[in-house]
Amino acid sequence: MLEPLQLNKKVGQSMTKTIYLQLIGDLEMVKWKGLLLQNQAGPKAMFGLWLCLHGRMMTANRLIKWGLPANPKCVLCINCDEDRDHLFAMCPYGIQV
Ligand SMILES: [Zn+2]
């Protein structure tokens, strides 16, 4: 049998927020929340940003991890292995663009 939920509701806080905060517990808030939720970009760009932030981009390292044939080198600089961090933060060619 389920135990009744003990709610720690603060004054002025909605019941939905109270339950949500209690369910997520002590999970750390993500730093990029505002980048994703307060952005006026189109749906396609927002989906691409979501994929990037969650590490779900189709990069060479992920394709190889799934057993698919792929060139592990970055298609832009051809010097380093291609992964999300390299493509969006460390690739010398990408930084110039
Ligand atoms: Zn590169």
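Analyst: Helices here are DSSP runs of at least four residues, numbered from the N terminus. With that in hand, the layout reads α-α-α-α-α-α from the N terminus on. The model is a predicted one. Its chain has six helices and zero strands. The radius of gyration is 20 Å, well over the 13 Å that the globule rule gives for 97 residues, so the chain is more spread out than a compact globule.

Now the close look. Helix H1 runs over residues 15-24. Is H1 well covered or hardly covered? It is hardly covered. A residue is buried if 20 or more other C-beta atoms lie within 10 Å of its own. Among the ten residues of H1, the count that reach this mark is zero. Just after H1 comes glycine 25. This glycine takes a positive phi of about 65°.

Next, the record. An unreviewed UniProt entry annotates residues 16-94 as "domain: Reverse transcriptase zinc-binding". In the model, that span is 52% helix and 0% strand. The end C-alpha atoms of residues 16-94 lie 43 Å apart.

Back to the whole chain. Of its 97 residues, 5% count as buried. The C-alpha trace spans about 55 × 35 × 20 Å along its principal axes.

H1 is a helix of ten residues with a buried count of zero, and glycine 25 follows just after it with a positive phi.

Terms used
Residues numbered from 1 in each chain as written. Predicted model: local features only at pLDDT ≥ 70, side-chain atom pairs only at ≥ 80, totals over all residues. Buried ≥ 20, exposed ≤ 12 C-beta atoms within 10 Å, placed from the backbone. Helix = DSSP H or I, 4+ residues; strand = E, 2+ residues; numbered from the N terminus. UniProt positions renumbered as here; feature names shortened; annotations may be inferred. Rg over C-alpha atoms; globule rule 2.2 N^0.38 Å.
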